[in-house]
Amino acid sequence: MNQKVVLITGCSSGIGLALAVHIAKDEKKRFMVYATMRNLSKAEPLVEAAGRTLGRTLEIKQLDVCDEASIKACVDSLPERRVDILISNAGMGLIGPIECQSIEEMKSVMDTNFFGLVRLMKEILPDMKRRKKGHIVVISSVMGIQGILFNDIYAASKFALEGFCESLAIQALRFGLNISLIEPGPVITEFERKVYDEGLKIDLSKADKVTADMFTNVYLKNYKQIFETLGQTPEDVAEHTLKILIMDNPPFRHQTNTLYTPMTTLKYADPNGDLPIETFYKMVFEHDKVFTASLNFIKLLQWRSRKSFKHNKMIKSNC
Ligand SMILES: NC(=O)C1=CN([C@@H]2O[C@H](COP(=O)(O)OP(=O)(O)OC[C@H]3O[C@@H](n4cnc5c(N)ncnc54)[C@H](OP(=O)(O)O)[C@@H]3O)[C@@H](O)[C@H]2O)C=CC1
Ligand SMILES: CC1=C(/C=C/C(C)=C/C=C/C(C)=C/C=O)C(C)(C)CCC1
């Protein structure tokens, strides 16, 4: 059988782990998954979730996206160095006022989220071009489209990914290669815990009172609620991604959370770029009115989509 070779980065937890397992468990066994992580001592949750696919349609390998030698060693270890589908997922977040963050911390985010993909592409793209076959799937974010308060550096790293891929996609087309950006909204994973816990520990003494207050009393206060109201599961993102993998003509961009779409659409609706900024400003500072109204609207959308899901299921079961 002609299985497609899928290489995924950052599979020790969250979206990467869910992707690896979901793709390896494909009923038609269309894929051979190389699930990679930088630290193999963290493999236990993946081993457990992979179950019987381990050693069959799933293998675990070491790969650190910040280390060129580790990427090369991993790709060299694959049969014929072949990668049909690269899923660049490894990433990290960073929240808080920039005056409280060190340049080292910021560089680490850019190095992982952006240069991590660049290193992977430098190793894998030339082979894909030679074979005139391949699909590069990048786990970007809604923050690759639109910045969010106190996510300045993280959003910049995702914008960098999007600009890089948008430029490369034109060249890729010439070789018959596909590039797809997957853009989830909030997803309930270790990412949320890491970023939120770090956020609570930030030394705000370098920020002025207004900024410190905005971070503590607006951002951190609402962050949890945003995840609770809008948060997707990593399995849901994995399902969306698999659908993209099996398409004949996969799209360049795919947002996984329709509840978040009204917010990203603002960007496309106003060429001057003021609409999303003013709307987010109102959501933050006319908080009581707009933020609560927005959350209620989102809850209504959620209720309606759950209702229509049940309705569709009922129709199907009656057919
Ligand atoms: N959670 C969310 O709300 C959203 C997340 N995303 C994106 O999804 C991707 C996955 O995040 P998510 O699953 O949520 O978070 P997790 O923290 O659960 O997973 C991140 C993964 O990336 C790995 N990683 C970090 N640095 C490196 C590195 N240098 N080399 C290899 N692997 C590395 C981590 O490994 P280790 O365990 O060793 O740290 C971990 O396996 C990220 O790109 C993130 O930006 C996008 C939209 C929303
Ligand atoms: C929508 C919104 C907020 C927060 C959104 C968050 C926290 C989104 C997180 C997205 C993630 C984690 C993407 C990962 O790539 C605020 C600023 C609290 C208030 C204004 C409206």
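Analyst: Let's start with the labels: helices (DSSP runs of H or I, at least four residues) and strands (runs of E, at least two) are numbered from the N terminus. This is a predicted model, where local features need pLDDT of at least 70, side-chain atom pairs count only at pLDDT 80 or more, and totals for chains, interfaces and linings use all residues. Residues are numbered from 1 along each chain as written, chains are lettered from A and ligands numbered from 1 in the order in which they are written, and side-chain values use heavy atoms, leaving out hydrogens and water.

How confident is the predictor? The protein averages a pLDDT (the predictor's confidence in each residue, from 0 to 100) of 92, and 89% of the residues score at least 70. For the complex, the predictor gives an ipTM of 0.98 and a pTM of 0.92.

Now to ligand 1. There are 30 residues around ligand 1, and Ser12, Asn89, Tyr154, Thr189 and Lys194 come nearest; being "around" takes a heavy atom within 4 Å. Three helices, H1 (14-24), H6 (152-174) and H7 (190-201), each supply at least two residues of this shell. H7 gives the largest share, 3 residues. Sorted by class, the shell has 13 nonpolar, 11 polar and 6 charged residues. Here Ala, Val, Leu, Ile, Met, Phe, Trp, Tyr, Cys and Pro count as nonpolar, Asp, Glu, Lys and Arg as charged, and the others, Gly among them, as polar.

Among the buried residues of H1 are Gly14, Ile15, Leu17 and Val21.

On to ligand 2. Of the 16 residues around ligand 2, Ser141, Met143, Ile148, Tyr154 and Phe227 come nearest. A polar side-chain atom of Ser141 sits 2.5 Å from an oxygen atom of ligand 2, and for a side-chain N or O atom of Tyr154 the distance to an oxygen atom of ligand 2 is 2.6 Å. Taken alone, ligand 2 exposes 540 Å², and the protein buries 97% of that. The shell around ligand 2 has 14 nonpolar, 2 polar and no charged residues. Helices H8 (209-230) and H11 (274-285) each supply at least two of its residues, with H8 giving the largest share, 5 residues. Notice that Tyr154 is listed among the nearest residues for ligand 1 and again for ligand 2.

What about a spot out in the open? Asn249 lies in the loop between helix H9 (234-245) and strand E7 (253-255). Asn249 counts as exposed because its relative accessibility is 69%.

Definitions and conventions. Polar contact = N/O pair within 3.5 Å; in protein donor to acceptor, adjacent residues only side chain to side chain. Areas by Shrake-Rupley, 256 points an atom, 1.4 Å probe, with all protein chains shown as cover. Buried < 20%, exposed > 50% of the residue type's maximum accessible area, 1.4 Å probe, protein only.
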